[in-house]
Amino acid sequence: MHPAFQAVLTIAVGVGGCVGYFYFSNQLLDRVLFPDKGIHAGRNITRANIIRPWLFLFPALAALGLYLAYPVFETLRLSLSERLPGNKSQYVGFDNYQQMFSEPKFWEALTNNMLWLLVVPALSTAFGLLAAQLSDRVRWGNIAKSFIFMPMAISFVGAAVIWKLVYDTRPIDQEQIGVVNAVYLFFGGDQPITWLTQIPANSFLLMIVLVWIQTGFAMVILSAALRGVPEETIEAAIIDGANPFQVFFKIKVPQIKNTIVVVWTTITIVVLKVFDIVFAMTNGQWETQVLANYMYDKLFRAQDWGVGSASAMIIMLLVSPILVWNVYNARKEMQ
Amino acid sequence: MSAIVGTRSSLVWAVHLSLAAMVLLWLFPTAGLLVSSFRTTDQISTGGWWNSLSASEQNLTLRSAAPESQIENDGVFVIEGNLFEQGSEAVISVWGTSSRSIDAFKPGDEAPLKDGSTITVQSNGDYKRQGIEEITGRRGQRIFATALTPPEFTLDNYHKVLFDEKNRESMGKAFLNTLTVTIPATIIPILVAAFAAYALAWMDFPGRALLVAAIVGLLVVPLQLALIPLLTLHNQIGIGKGYLGVWLAHTGFGLPLAIYLLRNYMVGLPRDIIENARVDGASDFQIFVKIILPLSFPALASFAIFQFLWTWNDLLIALVFLVDSSGETTVMTKQIIEMLGTRGGEWEILATAAFVSIAVPLVVFFALQKYLVRGLLAGSVK
Amino acid sequence: MTNLTLRNVEKTYPGEVNVLNNINLDIRTGELIVFVGPSGCGKSTLLRMIAGLESITDGEFTIDGVRMNEMPPAKRGIAMVFQSYALYPHMTVRDNMAFALKIAKKSPKEIDTLIKKVAATLQLTEYLDRLPKALSGGQRQRVAIGRSIVRDPKVYLFDEPLSNLDAALRVATRIEIAQLKESMPESTMVYVTHDQVEAMTLASRIVVLANKGIAQVGTPLELYETPDNEFVAQFIGSPAMNLLPGRVVSTGEATSVSIEGGGGVISSAVATSADWQDAIVNVGIRPEHMLMESSDNYAFESVINISEALGEVTQVYFQQDKAHSSPVIAKLQGIHRDVRNKTLRMSAEPANVHLFCEGQSLRGR
C-alpha cells in the first residue's frame with residue numbers, strides 16, 4: 001500500500017499546499033504588505049489589487065512555463081546540439097536535421113503522417129457528421145450517440161488490443177477469430193491474411209482505429225452545431241422545395257462550416273501526436289512508422305537525443321499553423 | 001421535422017437502418033473484447049466470439065481421471081467419471097482416443113486402449129475405463145471429442161489477471177498504480193487552474209489578453225517536445241523517475257486545457273453576481289471560494305473527467321516519467337503493451353487485461369457523459 | 001447624515017474613450033435621486049462609480065466629506081440592487097441575505113434576527129429556505145432588495161431594478177419601492193432607470209444625463225415645467241415636445257414670437273431682455289398643450305396625416321414639411337372622429353410656450 005499511501009499524502013499536500021498558498025499569500029498581501037487600514041488605506045488597496053492577479057496566476061504560470069514553454073526552447077537547443085559524455089553538449093548546427101533527412105525511416109514516417117493527416121480528420125468528420133445528422137432524426141438517437149461516442153473513453157492501448165483482435169489471423173486450418181479474416185474467407189478468400197503486415201493497407205488499418213475513436217468527438221460537436229442551425233432556415237428551404245439531401249448539404253452544412261473547421265483542426269492535432277496506437281499495434285514495422293513513434297524510437301531506444309529532438313521539432317512545425325490560427329482567433333474573440 | 005406533411009417513410013426507414021448499422025459497427029470491436037474476456041482458451045481458439053452466444057460444435061481435448069483414482073471391483077479395475085466440468089451441457093457426437101482419428105467412435109462405443117483396458121464414453125461425457133490389470137501411469141487417458149457445447153462463460157480470466165499471485169504480469173498491482181497516478185494528477189491541476197482561470201476571467205491587469213492567447217497557443221504544443229528536457233530536469237533536481245514526476249508532468253500538460261475551459265466558463269458567469277459579492281464585502285479570495293467555485297461546478301466536473309480519462313489512458317508519459325526497470329511502478333497501459341509482446345496469442349488474457357483497464361473509464365463515461373459533452377463543447381477552440 | 005458629493009468627476013476608459021465629463025452633483029440625506037437618460041449616456045457607469053465598481057478617472061467623490069475614490073465597494077457603506085438581481089444561484093434566500101453579514105463577521109444570532117425581521121417586512125419568510133430558481137421574478141426582486149436592507153447601508157443603489165419584470169409587476173414593485181423609501185426616510189437612494197414614468201413617480205430629484213454630462217437636475221415637475229434645454233424638454237414627457245422654428249418679435253416680461261408655418265404672433269410667458277429681439281429660436285410646445293385656435297394668431301397650421309384615437313385623448317400627427325424635421329404631434333382631449341386630412345390651426349397658452357436658442361432655454365438668460 002506504499003504508493004497508495006503516498007498518493008493520499010500527495011493529494012493532501014498538493015491540495016493543502018495550493019489552498020494554503022492562495023490563502024496565505026492573500027492574507028500576507030492584505031494584512032501585512034498593504035493593510036487596508038490607516039491613512040494609506042486607499043492607496044494600499046489599489047496596490048494590493050495590482051499584485052493580486054499575479055498571486056492567483058503564479059502557480060499556473062510557473063507550471064506552464066516549466067512544463068510546456070521551456071521544453072520548446074530546450075528541445076530546439078537539443079536538436080541543434082550533440083550529446084557528449086558527462087551531461088555536456090556541443091552545438092552542431094543542422095547536423096541532426098541532415099542526418100534525419102538522410103534516413104529513409106524518417107521519410108516513411110513523414111509520408112505516413114501526411115496520409116494520417118488526410119484520412120483520419122476527413123473520415124472522422126464525415127462519419128461524425130453522418131452520425132450527428134442521423135441520430136438527431138430518430139427517437140433513440142441519444143443511445144446511438146452514446147455508443148458511437150464510447151470509444152472516446154477507451155485508451156489508445158485498449159483500442160489497439162480491441163482492433164488487434166479484429167485483425168487477428170489464425171492458420172488456415174483453424175477457425176478464424178478475427179472478424180476481418182472470417183468475413184474475408186466467408187466471401188471467398190483463399191487463405192487468411194496477416195493484415196497488419198500488408199503494405200500499404202496496414203497503415204490504413206491503423207488509421208481506422210483512430211477514426212473509430214475520433215468519430216464520436218466529431219459527432220458530439222457537430223450535433224450541437226446542427227441543433228444550433230435556426231429551424232426557420234430549414235423550414236424555409238423545405239417550403240422552397242428542397243429535398244432532405246439538399247436541406248442537409250445546402251442549408252445545414254454551410255451554416256456549421258466554422259464548427260467543421262474546428263473539429264477538423266482538433267482531430268488534426270490528435271493525429272500529429274498519435275503514438276500509442278502505432279506503438280502497440282505494429283511499433284512502426286512494415287512501413288507503418290509515424291513521427292511520434294519515430295521520435296520515441298530515437299529518444300529512448302537509440303538514445304539519440306539530437307535526431308529525436310529534431311523530429312520533435314518537425315511535429316512542432318506541423319502544429320504551428322494551427323497554433324497561430326487558434327491564437328489569432330482567440331485574440332479576435334477577446335476584442 | 002416529423003410533423004411536416006408528406007415526409008417519405010422509406011427515408012425514415014433508411015435513417016433508422018443506417019444509424020443502426022453504424023452503431024453496430026462501432027460497438028462490434030469492443031463487444032468482441034468483452035465477450036472474449038469471459039471465454040476459455042479452448043472456446044476462443046475454436047471460433048469467433050460472435051458464435052459464442054449459440055451452441056457450437058467444438059473439437060475438445062479432454063482427459064479422464066488419473067489412474068490413482070481407480071477402484072478394484074471383483075478383479076476388474078475401473079475408473080469412472082465425467083469428462084466435463086460439473087453442470088456442463090455439452091453433447092458428444094463422435095470421439096476418439098488418438099489425435100489422428102478423433103472421430104473413430106460413437107457415444108456408447110467401447111474403445112480398446114494400448115494397455116489392454118477399454119474405455120466407453122457416453123454422449124453426456126460419462127466414461128468408464130476398465131481393465132483386468134491395474135491401470136498404470138500418472139495421468140488420465142486423453143479423449144478427443146467432438147461436442148456440441150452450449151454457450152459458456154467464465155470469470156476465471158479475471159481471477160487470473162487480477163488476483164493470481166503467481167502471475168507475474170498481474171494487473172492487480174498495475175491497477176492500483178494507475179489509480180495512484182490518476183487521482184493526484186486529476187485534482188491538483190484543477191485547483192491550480194481554477195485560480196488562474198479566475199484571475200484571467202475576472203481580474204483586471206495589464207497583459208491579460210496576451211496571457212489568454214498564450215494559453216490558447218500552449219493548448220496545442222505537442223507534449224513530445226517536453227519529454228527529454230523534463231526528464232533531464234527531473235533527474236537533475238532529484239525526482240528521477242517516479243510518481244512525483246508523473247504527477248507534475250500530468251499537471252503541467254493538463255493545465256492549458258484546464259485554464260482554457262474554466263476561464264471560458266467563468267467569463268460566462270453573470271458579472272452582476274460577482275460585483276454584488278464585491279459590494280457585499282467579499283475579497284477576491286472569498287468571491288473565488290464562495291461564489292465562483294460552486295457556480296463553476298459543471299466546468300470543473302468536465303475538466304476532471306477529461307483529465308481523469310487522459311491520465312488513466314496515458315501510456316507515453318508513464319513510460320517516460322514513471323515506469324522504471326524494476327517494474328514496481330508499472331501502469332496498466334504499459335502492462336498491456338508487455339502482454340501484447342509476451343502473450344500475443346493468448347486472447348483470453350489479453351482481452352481480460354484490456355477490459356480491466358478500460359472498464360473504469362467506461363463507467364465514468366456512461367455515468368458522467370453529460371459533463372463530458374459539455375466540456376467538449378466548451379473546450380474546442382472556437 | 002449622508003451627503004454624497006461628486007466634484008468634477010470624469011470617466012475615461014482605456015483607449016481614451018471618454019464617457020462622463022465634469023459631473024458635479026450633491027445628493028442630500030433622505031433623497032431618492034433618479035438618473036435617467038438615453039441608453040449609453042453613462043447613467044449606469046455613474047452609479048457604478050458611486051458603488052466603487054468602476055474607478056473614477058478624475059475628480060473627487062465623497063460620502064459625508066470622506067474621499068471615496070480609492071475605497072473598495074464594501075467599505076463605502078452602500079448596498080446595490082442589480083437589474084438581474086444578481087442573487088447567488090447556489091445559495092438559499094436565507095444564505096443570500098446572510099452572505100454580506102457573515103463576511104462582516106456578525107454573530108449568527110444577530111444575522112438570524114435581522115433576516116427574520118427583513119423577511120417579514122418583505123413577505124419572504126416562507127421562502128427563506130428556497131433557492132432563487134424556485135422563486136418568481138417579483139420574489140427574486142424582493143430578495144435582492146431584502147439582501148441590501150439587512151446590511152443597513154447609508155446609501156442604496158438601484159440599477160434598473162424593474163426592467164426585468166413584466167408590466168403589471170413593474171407597477172406593483174414600483175409602488176413597493178416608494179413605500180420602502182417612505183418607511184426609511186433617513187436612507188439615501190440612487191436609482192438608475194431609462195423609464196421616465198419610474199423617474200417621475202419615484203424621484204425626489206431627477207438627474208438627466210446626456211452628452212457625457214448632466215443636462216439638468218431638478219424635481220420631476222421642474223423638469224417638466226421648466227426644462228433647461230431642448231434635450232430635457234424632449235426627453236421628459238411623451239410624446240416628445242414639439243419644436244417649431246421661429247423668430248422673436250418682441251421682448252420684455254413676456255415674449256412674442258412668430259413661427260414658420262404659423263400665422264401672426266404667439267406669446268410666451270418667458271421673460272427676455274431686449275438683446276433677444278429678432279433672434280432665431282425654437283418654440284417648444286408639448287403635444288398635450290396644443291390647443292385648437294380659430295384666430296389668425298396661431299403657432300402652427302397643417303393637414304392631419306394620422307390620427308390615433310386612444311379614447312381618453314386623440315393623438316394627431318400633422319403632415320411633415322420642410323420646416324420641421326420631425327412630425328408635429330398634438331394630443332387632443334377626448335374623442336375626435338374623422339379628423340384625418342382635415343387642416344387644423346394650433347396654438348398654446350403663453351405659460352406653456354417654451355423658447356430655446358441653440359438648444360438652451362431662454363428662461364433666465
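Mentor: C:Asp278 sits in the loop of chain C between strand S13 (266-268) and strand S14 (280-285). Please bear in mind that this is a predicted model.

Trainee: Understood. What is the phi of C:Asp278?

Mentor: C:Asp278 has a positive phi of about 70°, although the residue is not a glycine.

Trainee: And why does C:Asp278 count as partly exposed?

Mentor: Its relative accessible area is 44%.

Trainee: Which residue other than glycine has a phi near 55°?

Mentor: That is C:Gln123, whose phi is positive. C:Gln123 is placed in the loop between helix H3 (108-121) and helix H4 (137-149) of chain C.

Trainee: Is C:Gln123 buried or exposed?

Mentor: C:Gln123 counts as exposed because its relative accessibility is 55%, and the exposed class begins over 50%.

Trainee: Which peptide bond in chain C is cis?

Mentor: The bond from C:Ser238 to C:Pro239 is cis, and its omega is near -5°. C:Pro239 belongs to the loop between helix H8 (230-235) and strand S11 (242-250) of chain C.

Trainee: Let me step back to chain C as a whole. How many helices and strands does chain C have?

Mentor: Chain C has eight helices and 21 strands. Along the principal axes, its C-alpha atoms fill a box of roughly 80 × 45 × 40 Å.

Trainee: What share of chain C is buried?

Mentor: Of its 365 residues, 51% count as buried. As for contacts in chain C with a separation of 6 or more, 65% of them are between residues 24 or more positions apart.

Trainee: Now the interface with chain B. How many residues of chain C and chain B are in contact?

Mentor: On the chain C side there are 21 residues, in contact with 16 residues of chain B. The two chains bury about 1,600 Å² between them, with 64% of that area on carbon and sulfur atoms.

Trainee: Which three residues of chain C supply more of the buried area than any other three?

Mentor: They are C:Tyr88, C:His90 and C:Ile103, which supply 30% of the area that chain C buries against chain B.

Trainee: How many salt bridges are found across the interface of chain C and chain B?

Mentor: The rule finds two. B:Asp280 forms a salt bridge with C:Arg151, where the closest N and O atoms are 3.3 Å apart. There are also nine residue pairs in polar contact between chain C and chain B, counting pairs with both residues at pLDDT 80 or more.

Trainee: What does the chain C side consist of?

Mentor: Strand S6 (78-81) and helix H2 (93-103) of chain C each supply at least two residues of the side that touches chain B. By class, that side of chain C divides into 15 nonpolar, three polar and three charged residues.

Trainee: What about chain B and chain A? How many residues does the contact take from each?

Mentor: The contact takes 107 residues from chain B and 107 residues from chain A. Between them these chains bury about 9,700 Å², of which 82% is on carbon and sulfur atoms.

Trainee: Which residues form a salt bridge there, and how far apart are the closest N and O atoms?

Mentor: B:Asp284 forms one with A:Arg52, the closest N and O atoms being 3.3 Å apart. The rule finds one salt bridge across the interface of chain B and chain A. The polar contacts between chain B and chain A come to seven residue pairs, both residues being at pLDDT 80 or more.

Trainee: Which helix of chain B gives the most to the side that touches chain A?

Mentor: Helix H1 (residues 9-36) of chain B gives the most, with 16 residues. The side of chain B that touches chain A has 81 nonpolar, 22 polar and four charged residues.

Trainee: One more topic, helix packing. At what angle do H9 and H10 of chain B pack?

Mentor: Helix H9 (residues 284-295) and helix H10 (residues 297-313) of chain B pack at about 60°, with their axes 4 Å apart. In this contact, B:Leu293, B:Pro294 and B:Leu295 of H9(B) meet B:Phe297, B:Pro298 and B:Leu300 of H10(B). By class, the contact has six nonpolar, no polar and no charged residues.

Trainee: And how many residues of H6 in chain B are buried?

Mentor: Seven of the ten residues of helix H6 (residues 227-236) of chain B are buried, among them B:Leu227, B:Ile228 and B:His234. Just after H6(B), B:Gly238 takes a positive phi of about 90°.

How values were computed: Residues numbered from 1 in each chain as written. Chains lettered and ligands numbered in written order. Predicted model: local features only at pLDDT ≥ 70, side-chain atom pairs only at ≥ 80, totals over all residues. Heavy atoms only, no water. Contact = heavy atoms within 4.5 Å. Buried area = accessible area lost by both parts, 1.4 Å probe. Salt bridge = Lys/Arg side-chain N within 4 Å of Asp/Glu carboxyl O. Polar contact = N/O pair within 3.5 Å; in protein donor to acceptor, adjacent residues only side chain to side chain. Nonpolar A, V, L, I, M, F, W, Y, C, P; charged D, E, K, R; others polar. Axes fitted to C-alpha atoms, helices over the stretch in contact; angles between N-to-C directions. Buried < 20%, exposed > 50% of the residue type's maximum accessible area, 1.4 Å probe, protein only.
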